[in-house]
Amino acid sequence: MAEGACLMLLGNKTDLVSADRREVTRAQGRRLAEQYQAVFYECSAKSGQQVEEAMTHLTRLLASQEDKQCESVLRLDVSSNRGRCCK
């Protein structure tokens, strides 16, 4: 994964009452998300369950990442100019 990337894994079909009808279990989804250092949510496109929460979480991650990138760009290294004037 690229440095600074935000990754989210969404397990869909939580509207299915029977867990045996799902192709990927919740545990498998969590393990895969951990393997890729991703945030994991289960949601349902049909009912809308957890969709807004997942997108809100992703938005916060992206805003935080942007803040970190801006801080690193704006950080000045004053130690490199010590003892020199106007160079």
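**Figure 1. The helices and strands of the chain, in order.** Helices here are DSSP runs of H or I with at least four residues, strands are DSSP runs of E with at least two, and both are numbered from the N terminus. What you're looking at is a predicted model. Its protein chain has two helices and two strands, and starting at the N terminus they come in the order β-α-β-α. Strand 1 takes in residues 8–11, helix 1 covers 26–35, strand 2 covers residues 39–42, and helix 2 covers 51–74.

**Figure 2. The chain as a whole, inside and out.** Of the 87 residues in the protein chain, 17% are buried. The chain exposes about 7,400 Å², with carbon and sulfur atoms supplying 51% of that area. Now for who touches whom: take the contacts with a separation of 6 or more, and 64% of them link residues 24 or more positions apart.

**Figure 3. Strand 1 beside strand 2.** These two strands run parallel, and four bridges join them. Which residue of strand 2 is the bridge partner of Leu 9? That's Phe 40. Zoom in on strand 2 and you can look at both of its faces. In a regular strand, side chains alternate between the two faces of the sheet. In strand 2, Val 39 and Tyr 41 sit on one side, with Phe 40 and Glu 42 on the other. Are these four buried or exposed? Every one of them is buried, so both faces of the strand are covered.

**Figure 4. A look into the largest pocket.** Roll a probe the size of a water molecule over the atoms, and you see where empty space is left. The largest pocket has a volume of about 250 Å³. It is lined by 16 residues, and the closest to its centre are Leu 10, Gly 11, Asn 12, Glu 23 and Val 24. Strand 1, helix 1 and strand 2 are the elements that each give two or more residues to this lining. Sorted by class, the lining holds six nonpolar, four polar and six charged residues.

**Figure 5. Asn 12 and its contacts.** Asn 12 is one of the residues closest to the centre of the largest pocket, and its place is in the loop between strand 1 and helix 1. Asn 12 counts as partly exposed because its relative accessible area is 39%, which falls between the 20% and 50% cut-offs.

Figure 6. Beyond its neighbours within four places in sequence, Arg 22 is in contact with Lys 13, Thr 14, Leu 16 and Glu 42. Thr 25 and Gly 11 are 14 residues apart in sequence, and 8.7 Å separates their C-alpha atoms. With a relative accessibility of 42%, Thr 25 counts as partly exposed.

**Figure 7. Arg 26 in helix 1.** Look for Arg 26 in helix 1. Which residues does Arg 26 contact, leaving aside neighbours within four places in sequence? They are Phe 40 and Glu 42, both of them in strand 2. Arg 26 is partly exposed, because its relative accessibility is 40%. C-alpha to C-alpha, Arg 26 is 9.6 Å from Thr 14, a residue twelve places away in sequence.

**Figure 8. Two glutamines with a positive phi.** Most residues other than glycine have a negative phi. Gln 37 is not a glycine, yet its phi is positive, at about 55°. You'll find Gln 37 in the loop between helix 1 and strand 2, and it counts as exposed because its relative accessibility is 66%. Gln 50 isn't a glycine either, and its phi is also positive, at about 65°. Gln 50 lies in the loop between strand 2 and helix 2. Is Gln 50 exposed or only partly exposed? Partly, because its relative accessible area is 29%.

Methods
Residues numbered from 1 in each chain as written. Predicted model: local features only at pLDDT ≥ 70, side-chain atom pairs only at ≥ 80, totals over all residues. Heavy atoms only, no water. Buried < 20%, exposed > 50% of the residue type's maximum accessible area, 1.4 Å probe, protein only. Pairing = 2+ DSSP bridges. 1 Å grid on protein atoms, 1.4 Å probe; cavity = no way out; pocket = protein on both sides within 12 Å on 5 of 7 lines; lining within 4 Å. Points joined across faces, edges and corners; volume = space filled by probe spheres on them. Nonpolar A, V, L, I, M, F, W, Y, C, P; charged D, E, K, R; others polar. Contact = heavy atoms within 4.5 Å. Areas by Shrake-Rupley, 256 points an atom, 1.4 Å probe, with all protein chains shown as cover.
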